[in-house]
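Let's take a walk through a protein together. Have the sequence and the 3D view open, and look up each residue as it comes along.

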Amino acid sequence: MRIVFSRKGFDSSAGGGPSPIVDGRPISLPIPAGAASVTSYGDLGLGEHAARASRGRVGVDDLCHNDPMFVRPPGSGGECLFGQCGAAQTHLERQGVGLGDVFVFFGLFAEEETHEPHHRIFGYLRVEEIVRLNDGAPDDLRSAGHPHALAMHHSNDVIWRGPGRVADRASPALRLTVPGGPPSLWQRPAWLKRGGLSYHDREDRWLRGGRLRSVARGQEFVADVGRRKAPREWLETVIAEINRSQ
């Protein structure tokens, strides 16, 4: 099995600032639309949050790239639709990511009171289907308004699909950044060792005290955990925290 640490949402380069934590709830702001979109920040009820986080660069009427998209189909506990393409999708394929693997989405967030930026996990996706978009998108994905279903972003455009949810609470268990540290300095899970996370091979990234200096850029960081017990237990704890309500 593979666990993918997938960076998403606003940050200093995409959007202009961290996503907010409001009344104890992390609100991941989608990045501004760079290609097809029919969804504005106002449609998602995020207009004021986006304007504040971007210092007025985007607002209620601006279109956004609503991805990953979390939906609640009838009779379902929740579904995630996540589009990927280009070099990032190629990396996922080369790392062998496929059915049964899990994305844990993280991003840059800040409390409204402290304004301290930090990385935290805010959602997950268990992959049950990989929809390749070369021959067109299924009607249900187009009607959902997923940006990758509305228009091809790249020749290898896909949508990863399966059970998933977004967190309703900013649990300390979902925080990656060490207390008081810069966002990129993580308290890594004990099972995560040097050589076990793509794009993080450099020795100087793996620090004493179980800390990891994460890379500044990149979207998909893959950990091939095989059949090991510790990573699976950590993952189930993370998913249980995300599934907990306020």
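## Rings that gather

Start with a definition: rings of Phe, Tyr and Trp (its six-membered ring) pair if their centres lie within 6.5 Å, and planes under 30 degrees apart count as stacked, over 60 as edge-to-face and the rest as tilted. What you see is a predicted model, so local features need pLDDT of at least 70 and side-chain atom pairs count only at pLDDT 80 or more, while totals for chains, interfaces and linings use all residues. Residues are numbered from 1 along each chain as its sequence is written, and side-chain values use heavy atoms, with hydrogens and water left out.

Searching the whole structure turns up 14 aromatic pairs. Take Phe106 and Phe221: the ring centres are 6.4 Å apart and the planes are at 35°, so this pair is tilted. Phe106 sits in strand β6 and Phe221 in strand β13, so the pair ties together parts that are 115 residues apart in sequence. (Helices, H or I with at least four residues, and strands, E with at least two, are DSSP runs numbered from the N terminus.) Both Phe106 and Phe221 are buried; buried means under 20% relative accessible area, exposed over 50%, and partly exposed in between, using a 1.4 Å probe and protein chains only. One aromatic cluster is made of Phe5, Phe106, Trp186, Trp191, Tyr199, Phe221 and Trp234.

In soluble globular proteins, nonpolar side chains tend to be buried together. A nonpolar core is a set of buried Ala, Val, Leu, Ile, Met, Phe, Trp, Tyr and Cys residues joined through side-chain atoms within 4.5 Å. The largest one here has 25 residues, and Ile3, Phe5, Ile121, Trp191, Leu197 and Trp234 have the most contacts inside it. The elements giving two or more residues to this core are β1 (2–7), β6 (102–111), β7 (117–126), β13 (220–224) and α5 (229–243). Helix α5 supplies the largest share, five residues.

What does Trp234 touch, leaving aside its neighbours within four places in sequence? Its contacts are Ile3, Phe5, Ile121, Pro189 and Trp191, where contact means heavy atoms within 4.5 Å. Apart from this core lies another, of 16 residues, among them Val4, Cys80, Ala170 and Val222.

## Strand β1 and its partners

Now follow β1. Five of its six residues are buried. Two strands pair if DSSP finds at least two bridges between them. With β13, strand β1 pairs in the antiparallel sense over five bridges, and Arg2 has Asp224 as its bridge partner there. With β6, β1 runs parallel, and five bridges join them; here Phe5 is partnered by Val104.

## Strand β5, covered on both sides

In a regular strand the side chains alternate between the two faces of the sheet. Strand β5 spans residues 79–84.

Three strands form an open sheet in the order β10-β12-β11, with antiparallel pairing. β10 (185–187) and β11 (206–207) stand at the edges, each with a single partner strand, so one side of each is left without a neighbour in the sheet. Three bridges join β10 to β12 (residues 211–213), and Trp186 has Leu212 as its bridge partner.

## Two helices to look at

Helix α2 (residues 86–94) has Gly86, Ala88, Gln89, His91 and Leu92 as its buried residues. These pack against β1, β5, β6, β8 (129–132), β9 and β13. After α2 comes Gly96, with a positive phi near 80°.

Finally, find Glu241 in helix α5. Why does Glu241 count as buried? Its relative accessibility is 14%, so it falls under the cut-off. The Glu241 side chain makes a polar contact with the side chain of Arg169 at 2.9 Å. (A polar contact is a pair of N or O atoms within 3.5 Å; within protein, one must be able to donate a hydrogen and the other to accept it, and residues adjacent in sequence count only if both atoms are side-chain atoms.) Leaving aside neighbours within four places in sequence, Glu241 is in contact with Arg169, Ser171, Ala173 and Leu174.
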